[in-house]
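Below are some questions about how terms are applied to one structure. Each answer sets a value against its definition.

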Amino acid sequence: MRKLLGAHIGIEQGNTELFSDFANGGEMWTGSGSRERRKAVRFSEAFRSPPSVQVSLSLWDMDQSANIRADIFAENITESGFELVFRTWADSRVARVRMSWLAIGEVASEDDWQLY
């Protein structure tokens, strides 16, 4: 369990399109080449430390003639942002993906001050 100090908790959320390979015959749709997509997300304001980040699929457009496989997660989480990651493998064909995310962590307050 992550315990946060103080009463200054920040929550930021977003909904991000990772790719749309159907219209242009991209690798996720053709099933060849790179089977991973990453997209950098920047927070509107930095957290005090890397926040907890939860991701989910908000749009998943898949070819129904093959098995549906996906691995989704947040990686390289820092105070100022993270990377959304989507992976698939084998014969899965993905037309497009949009992911939602939610970051929760401690944020600075205008009442904070430091002694030097």
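Q: Why is R87 called partly exposed?
A: R87 has a relative accessible area of 28%. Buried means under 20% and exposed over 50%, with partly exposed in between (1.4 Å probe, protein chains only), so R87 at 28% is partly exposed. The model is a predicted one: local features need pLDDT of at least 70, side-chain atom pairs count only at pLDDT 80 or more, and totals for chains, interfaces and linings use all residues. Residues are numbered from 1 along each chain as its sequence is written, and side-chain values use heavy atoms, leaving out hydrogens and water.

Q: What makes R87 and D71 a salt bridge?
A: Their closest N and O atoms are 4.0 Å apart. A salt bridge needs a side-chain nitrogen of Lys or Arg within 4 Å of a carboxyl oxygen of Asp or Glu, so this pair counts. R87 lies in strand β5 and D71 in strand β4, so the pair ties together parts that are 16 residues apart in sequence.

Q: Why is E106 called buried?
A: E106 has a relative accessible area of 14%, which is under 20%, so E106 is buried. The side chain of E106 forms a salt bridge with R48 (3.8 Å, N to O).

Q: How do you know that β4 and β5 pair?
A: They share 5 bridges in the antiparallel sense. Strands (E, at least two residues) and helices (H or I, at least four) are DSSP runs, numbered from the N terminus. Two strands pair if DSSP finds at least two bridges between them, so β4 and β5 pair.
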